[in-house]
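Open the model in your viewer and keep the selection panel at hand. The stops below go from whole chains to single pairs.

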Amino acid sequence: MKPAYFEYVRAESAEHAVQTLASAGGDGKVIAGGQSLMPMMNFRLVKPSVLVDINRIPGLDAVQIRGDKLVLGALVRHRMTATDALIAEHIPVLHHAMKHVAHLTVRNRGTFCGSVCHADPAAEMPMMSLLLNGVVRIVSPRGARALAAQEFFVGSLVTALEPDELVTEIEIDKLLPDTGWGFEEFARRHGDYALAAVAVTMRWREGLASNVRIGMMGVGEMPMRAPQIEAMLEGREINSTTIREAIDALRAELEPNSDLNASADYRRHLAGVLARRAITDAWARAEKGAAA
Amino acid sequence: MSAFDSSSVEMRPKMVGQRIKRTEDPRLLAGVGRYVDDISPQGTLHVAIRRSDQPHARIRGIHVGEAFTVPGVVAIFDATDIEGDFKPAVPTSKMKNYYATPIWPLARGKVRYVGEPVVAVVAESRYAAEDALEHISIDYEPLPFAIRQIDAVADDAPLLHEEAGSNVIISREFKRGDVDKAIAEAPVTVKGVFRMTRKTAVAMENRSYLAEWDKRRLALTLHSSTNIPGVIRDVLSSCFDLPGNRMRVVAPDVGGSFGGKGSLYSEEMLVCVLARKLGKPIKYITDRLEDLSSTSQAFDELMDVELAVDRDGKLLGLRADVIGDIGAYSIYPWTGALEPVQVVSFLPGPYRLEHYRGRIRGVLTPKPPTGPYRGVGRPSSTFAMERLIDMAARKIGMDPVEMRRRNLITADEFPYRTASGIIWDKSAFQECLQGACDHVDYPALVRERDKARKEGRWVGIGLSSYAELTGIGSRISVAPGMPINTGTETSSIRIDATGAITAAFGISSHGQGLETTLAQVIADELGCKMEDVEVQHGDSALVPMSTGTFASRSAVLGGGAATLASRVVKTKVLKAAAYLMNQPVEELEAAGGIIRSRASNVSMTFKEVANAVYSQMGSIPHEQREDLVASETYDPYLGTACSSTHLAMVEIDPETYGVTVRRYVVAEDCGRIINPMIVDGQVQGAVAQGIGAALLEEIVYDDQGQFVTASLADYLVPVATNVPQIGIVHIEADLPNNIGGFRGMGEGGTIGAPAAIANAVSDALSPLGIEVDTLPVTPERIFRMIEAARVKSTAD
Amino acid sequence: MNERTEITVSVNGLSYTRRIEPRMLLTDFLRHELGLTGTHVGCEHGVCGACTVLLDGRSARSCLMLAVQTDGADIETVEGQGTVENLGRIQQAFRDHHGLQCGFCTPGFVMTIADMLRHHNLDNDEEIREALSGNICRCTGYEHIVNAVRELAKERGALK
């Protein structure tokens, strides 16, 4: 399985990259880690006329604090996300999620931003970008813009990026130190695309949950938040009754796909299981966090 | 041929039985192994293949479009372009109502499965060849088809091969006694329809072929990643009308096979045809998508079975109706009977059973042909039988170990003829069961399971006991009248003028370490140093007839032939040494490369003897002088029974339904072990494949006949986190009656594991009244079974 | 389109300069352009790990890289780990523990393990197995490979 011909351009800067994309007339592709793109090119499912390699652009590989956000540049590799001290301190749920992302060799090359741009509904980073109210910063020959993660994902493997646009960084929320978190994923084998995964964060305020966030993947065309369920739990005590209510409501609103690995019914069931476990863990951690 | 006689080998440290590090390893570890794709003669051209995207269709037209404008493209061929250059391969058999589907390099007139080769592009690089493929379009006239075996057997099902008159081209029945009566009168019966789904071997090296036509000698050499080079040589010799000394098939280092590379492939024929036609070396390497969609597949059996027992657990009768999905062609050379017939002939297992009827229909469907895959039929039959045993045990309230103990053949009953006509010569059936139980402390394990259950955990224990025939001789054929002889193996040993020892075989090692194990046997039998022995294999030119390595035969047949040939050479060496040292030959013994006399302190090395025999004129009287060579062929005639009990403990997450194998033990009767490290490696690898079959692996075709599991992200093979540590118990019992006392043991793990895991999962789900009847038992399937049980219990 | 590009890359310490098509995969570059056939092709979609090499000291799937991307980089392949007459430490551990059968996946494992030993926690079998889970072996069932890595990890621990 060999890729088709393309023109290869090693971008020296973001401007260079987007100019090249613009002159490709809609048929150019950006390559960073290549862990998702190259298999598709080898299968000839994707045949760009121009491949813009951004791996040598300086300054895109930083993880830094910007106010109450963390900013991950376009060349921040999964390996870096997994070991970065700022992420471990400020977003432990993301730190923890990294061990489920593919395998160590893939994590050496694959990038956070690249994974978000690939927008696989069964991948962890798109979901995390939603959970953490991500803001995607984009440049093009027309200037710069920012898109909330909610608007960035349009469909399965489809984003709102124009063909001449490049994502240079994604901002995600830092979480307050007493934030509890839970992360549950189920895959057939370690490192496989998940059949479903749920990530939850919340805080404990006088015995009640606050700032409840629920992110999910593998259960629809796109990664998702569960705003109705978040609202259901917000300001309430997390106990077996409230959890039961939340899970029932969650299952009722989900419309997962059926595929080779799992039917919609099983996915719906699984999502409920993972959500219950993640909510329970997040609450327990939040309680502990508040007590500390 | 004499049985293994330990007195014929003097008391000294032996190579056989030791954990000798492998001779193969240094080159493979250093990255200088030589697999087919590593070989690139000058001028090699590369092939890419357009494969059918239709399950069943007439080919109306093939258009190359702009393909020839692609830089680097040399030629494009379809079946009509190569017509007349050769004859097809025909997998003959004497079976009744059988149709031998001819095997051609490219589809002629019709395509019969998604993935069947239709057009070949030859170019300077694989990249260019694939570029050209994109220009080629094919007009198909779709034809009706039945993708599922249950539909393909119907009388009005559309025919894949009209000439056959039916899709059912294999039809056999084994019976003894009166099973209908036994079942009708039995106090207890259990039954089920068990489905082992379709699998594929997924060797890490994809199938790879390189053909070279020598214009000077008019000779063809095919480098093939095959494990049956001799078979390929013989059939291609016939197809191309080339004598065997001008048609050579070489299997260099081969990256695994598990049976998937153990048949003739269209692409092997294709590269040979093109090499001759174009006068250039032609290389074709399957990519992984092509491997998944066109390499032979296996295990796809639908088994409707019923077992009758009495209230003491004694087996009374077994009835089986099996439909085997054999794909779109009867595979060469084994025929489509290979797997399905073994399902019904091995179904009675290692048990005492008088009344049996096992019927099999092998049916054509639009899929790649069914061929050998580790265990061949026995993984499926063991799954069905061992499930029935457990179901019967549960029904009468008997422990499953006790159920087996009461029915496994005991030592005093050997040789035992099963209801299907297989003869178990002798094997440690009972001892393996006991060995597995002792290793885990079965009563304690049961208590552990019960305690876990009380805590709400879904834990289960499952066993499987099975027996198989290995090292099979010429009396037993997988399909009567098939075009090859698998019952013999030849070893040709020579000591040359420098004292170097070369041993040539027809076997074809592809991971089993035969370069090491056969050298161990030779070192012991001949008395030479192991490091002075070079084992040659994997080359049709080495011995007059060879088939290769498959069916757990190489240690028994290769080891047997090596033993015989070594003894002949040793006799010659000792005779020469006796003369040279002026000692009585009875007083001489050879070990570690040195010949010593017990009657005095003189000695000579093998090298010195060889030098004298070959290079010192007059050192031995010319009428006594013999070359230090021998070639012997061994035929064990029958097969050697080999058996094992597997025991698994699994835990199922009661919410996600993920299955984890917590403990796994294999107690096996392995005969005389040549290299314990290698034996353990075979067991572990085979069990891993069995775990894959039980929990992960499934080749899927949808209702449109389209191939769905098209990548390694879809067809899931076990990774390191899926396989537990495996306890291995070697049961030392009576050795079999073949030269060497060896048993073949390469396949056993794959035979026993699916059944053991299916039983363990069923045990874990037994409080819910669920029985596993389909493998792989995936979280999705468990979910469905639980939902069905919930609905049923609400309705009740 | 598809103009040949010149790259200079260091492989196992030796520098190579070649003109190649940009679409040439790193696997094909190593195997056929440089004749280093120890790196194997198992799937060309980044799942099996047989093609793993080290790129600037970190494991990478060479089937998912274009050779042009490695211009100026340092690549290590299995051939750099040791020779037939002088096996490297990881290779020797594989030999001692019978961690290979057909040998096709082995170079990928060796290079992945080189990365694992340099950079990853391997404190117990679970961590070892998880780290190995990106490489498929069809022959061994993994146990002997895990044994080899356990020994290597212990040695590494003792050196610290």
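What follows is a tour of chain contacts, domain contacts and selected residue pairs.

**Before you start**

This is a predicted model, in which local features need pLDDT of at least 70 and side-chain atom pairs count only at pLDDT 80 or more, while totals for chains, interfaces and linings use all residues. Residues are numbered from 1 along each chain as its sequence is written, chains are lettered from A and ligands numbered from 1 in the order in which they are written, and side-chain values use heavy atoms, with hydrogens and water left out.

**Stop 1: chain B, coloured by confidence**

The mean for chain B is 95, and 98% of its residues reach 70 or more. Now pick residues 1-9 of chain B. There pLDDT stays under 50. The model has 14 contacts beyond four places in sequence for this stretch, contact meaning heavy atoms within 4.5 Å.

**Stop 2: chain A against chain B**

Show chain A beside chain B. Here 25 residues of chain A are in contact with 32 residues of chain B. The two chains bury about 2400 Å² between them, with 56% of it on carbon and sulfur atoms. Buried area is the accessible area (1.4 Å probe) that two parts lose on being put together, summed over both.

Next, look for charge pairs. Chain A and chain B share 8 salt bridges (a side-chain nitrogen of Lys or Arg within 4 Å of a carboxyl oxygen of Asp or Glu). Zoom in on A:Lys47 and B:Glu134, a salt bridge whose closest N and O atoms are 2.3 Å apart. Then select helix α12 (residues 264-291) of chain A. With 8 residues, helix α12 gives the most to the side of chain A that touches chain B. Helices (H or I, at least four residues) and strands (E, at least two) are DSSP runs, numbered from the N terminus.

Colour that side of chain A by class: 12 residues are nonpolar, 4 polar and 9 charged. Ala, Val, Leu, Ile, Met, Phe, Trp, Tyr, Cys and Pro count as nonpolar, Asp, Glu, Lys and Arg as charged, and the others, Gly among them, as polar.

**Stop 3: chain C against chain B**

About 4300 Å² is buried between the two chains, 57% of it on carbon and sulfur atoms. The salt bridge count is 5. Pick C:Arg138 and B:Glu697, whose side chains meet in a salt bridge (2.8 Å, N to O).

**Stop 4: inside chain C**

Chain C is assigned domain 1 (5-79) and domain 2 (89-156), with bounds from an automatic or database domain assignment. Their C-alpha centres lie 21 Å apart. In contact are 18 residues of domain 1 of chain C and 16 residues of domain 2 of chain C. The area buried between them is about 1300 Å². The rule finds 1 salt bridge across this interface. Select C:Glu76 and C:Arg118 to see a salt bridge at 3.0 Å, N to O. Then select β3 (52-55) and β4 (58-61) of chain C: each supplies at least two residues of the side of domain 1 that touches domain 2.

**Stop 5: inside chain B**

Bring chain B back. Its domains are domain 1 (2-33 + 488-634), domain 2 (36-143 + 206-254 + 261-294) and domain 3 (297-475 + 637-795). Select domain 1 and domain 3 of chain B, whose C-alpha centres lie 39 Å apart. They contribute 30 and 25 residues to their contact, respectively. About 2200 Å² is buried there, and carbon and sulfur atoms give 65%. The salt bridge count between these two domains is 0.

Last, find B:Arg319 and B:Glu306, a salt bridge at 3.3 Å between the closest N and O atoms. B:Arg319 lies in strand β16 (residues 315-325) of chain B and B:Glu306 in strand β15 (residues 301-309) of chain B, so the pair ties together parts 13 residues apart in sequence.

Technical notes
pLDDT is the predictor's confidence in each residue, from 0 to 100.
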